[in-house]
Amino acid sequence: MPETNSRPTGRPMGGRGPMGGGPGGRGMSGGKAKDMKGALLGLLKYISNQTGIIIFALVLAAAGAVLTIIGPNQLSRLTDYIYDGLTTSIDMDGVLSVALLLLGLYLLSAIFSFLQHYIMQTVTQRTSKRLRGDISTKINRLPLKYFSGNAAGDVLSRMTNDVDMIGQAMSNSLSNLVTAIAQFIGCLIMMYYTNAIMATTTVLATIVGLICMVVVMSHSQKYFTARQENLGILDGYIEEMYTGHDVIRILNAEDEVKDTFTSMNKAVKNANFRSQFLSGLMQPIMTFIGNFSYVAVCVVGAALIIDGQISFGVITAFLIYTRLFESPLRQISQAMTQVQSCAAASERVFEFLGEEEMDDESDKTKKIENVKGEVEFKNVKFAYPNAPEKEIIHNFSVKVKPGQKVAIVGPTGAGKTTMVNLLMRFFEPTGGDILIDGVSTKDVPRSNVHNQFGMVLQDTWLFEGTVKENLLYNTEGVSDEQMEAACKACGIHSFIKALPNGYDSVLSDNTAISAGQKQLLTIVRAMIQNSPMLILDEATSSVDTKTEMITQQAMDKLTDKRTSFVIAHRLSTIKNADIILVMRNGDIVEQGTHDELLAKGGFYAELYNSQFEEVA
């Protein structure tokens, strides 16, 4: 039965992305305040397609708050009915009518509140899903240079921590902020409608609290930004150290790693403490102002009752209004704390989404088809974008015939991997051209170029899924018999069958599988892909001598009648190459067969002989 294409269902088990990449850039954030207004405007623009339903939810929130505010006015009437009835008889009809009206108001307010919470939660989850999807799509559109200069953990932090922070702010702070503002304005109107003197007393006491809140907010935003940035840096460091924990132990670098982690963790703690401490000051300040207002209303109200200007029911209503007036100020202070966090998270997310992408190639309709395998480098030059003055590849030219096996050798930093990155269009040449079957790779989409190559890298990549899913990754129409034949050719069939569920066994970090076996699985994957050309980055570096012999035979079958490029560090593995390109400082200094180059006694012979001297 043919298999459908398999895709990853879990996280990667280790390894880097295609063809290298440098260390992620890292530095402790200085906590610099950034554009809070711009970040929030960017978020509002992002959710503009849901503006209608959000406004409807906010109207419901405001309406619920207004209905709640009407209550104290009716309680004032109810209190007067009861107070006046103490000397005569209580008007039960009046009491009942007010009670039923209050019940209806509060019930309707609760319904409005439920609906707006439901709507905002729905909008929030849709937005969070869309953000994560856009970040995932963005990752596939970014050039390799971005990942060479940024830690993977920081990117993951933007997808998880920052998106979650935006979601929390949208689901809680936005509706709470509108409710609080509506309640604040409504209370203000009702208080002045009820009694201007007592209303002015409450407002004057509250203005002091608002001034304090604005002052605190102006100083705390930079710490919210620093918290999100430092959290991303810490996540990136943890991800790197977890991936390389075996190497850390071997090199006895635990203390150094611990010191670095402690320093980063302290930066997160300090930024978090300062942001939370300053925002936390709002609560006690507003509580004090609220209590002060409560006392002031009691004193002024008592004086007005004695003077006969108001009834007892008015002061009862005002005591409730004072609490309702102070409550939205608390909610506003809490909402603004979340808004500041949301602004910091939004800035990081939209900064990532705004990164420069690879050029759009939707207009390129030309494709390389029925590939024979002729490859030509014509006067290729290359310098990394962040250092254009330092040219890595200088006027590189070579022509490879169909079916030839080309080995690229040379010391570290000679440009071997860079040449393959250029061939695959992970990077673009700064000069010259690369042709496949006479067609410039610049004239066809990157995906079309990638489809022509199978790749086996020195760093293996397996995801958490079954053996079959890993082997058939993104490859359609492969039968179980073909898959097993490829595994037998690489000598790994017996190992897979020995697993608890054979080819249906799930590979994870807890699966007992060696580095060599992982490498063999990636070699089988390339064989199953059956691309017309191959790129092998020291594919046998992780296997032992016996396994290497088996793998080398399988590789010979794999490369038979296919143009293949082999980046070789172990020169004994490329003796049968049709062409050996010897690179040094970005130039081809020698080329020929193994025997021809040894006979010359040049740089290749020096490299070859030095490896045997090291072994001896």
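Modeller: Helices (H or I, at least four residues) and strands (E, at least two) are DSSP runs, numbered from the N terminus. This is a predicted model, in which local features need pLDDT of at least 70 and side-chain atom pairs pLDDT 80 or more, while totals for chains, interfaces and linings use all residues. Residues are numbered from 1 along each chain as its sequence is written, and side-chain values use heavy atoms, without hydrogens and water.

Biologist: How many helices and strands does the protein chain have?

Modeller: The protein chain contains both kinds of element. The counts are 19 helices and 14 strands.

Biologist: What share of the residues of the protein chain counts as buried?

Modeller: Buried means under 20% relative accessible area, exposed over 50%, partly exposed in between (1.4 Å probe, protein chains only). Of the 616 residues in the protein chain, the buried share is 47%.

Biologist: Among contacts between residues at least 6 apart in sequence, what share joins residues at least 24 apart?

Modeller: A contact here means heavy atoms within 4.5 Å. Among the contacts of the protein chain at least 6 apart in sequence, the share joining residues at least 24 apart is 81%.

Biologist: In which strand is Asn 395 found, and what is its phi near?

Modeller: Asn 395 is partly exposed, with a relative accessible area of 45%. Most residues other than glycine have a negative phi. Asn 395 has a positive one. The strand is β3 (residues 391-400), and phi is near 50°.

Biologist: Which strand holds Asn 379?

Modeller: Asn 379 has a positive phi near 50°, and is a residue other than glycine. At 39% relative accessibility, Asn 379 counts as partly exposed. Asn 379 belongs to residues 375-383, strand β2.

Biologist: Which residues gather in the patch of negative charge?

Modeller: Glu 254 is found in helix α8 (residues 254-280). Glu 254 is partly exposed, with a relative accessible area of 38%. The patch on the surface gathers Glu 254, Asp 255, Glu 256 and Asp 259.

Terms used
Patch = residues over 30% accessible without salt bridge, like charges linked within 9 Å, V, L, I, M, F, W, Y side chains within 5 Å. Areas by Shrake-Rupley, 256 points an atom, 1.4 Å probe, with all protein chains shown as cover. Salt bridge = Lys/Arg side-chain N within 4 Å of Asp/Glu carboxyl O. Lys, Arg positive; Asp, Glu negative; His and termini not counted. Charge placed at Lys NZ, Arg CZ, Asp CG, Glu CD.
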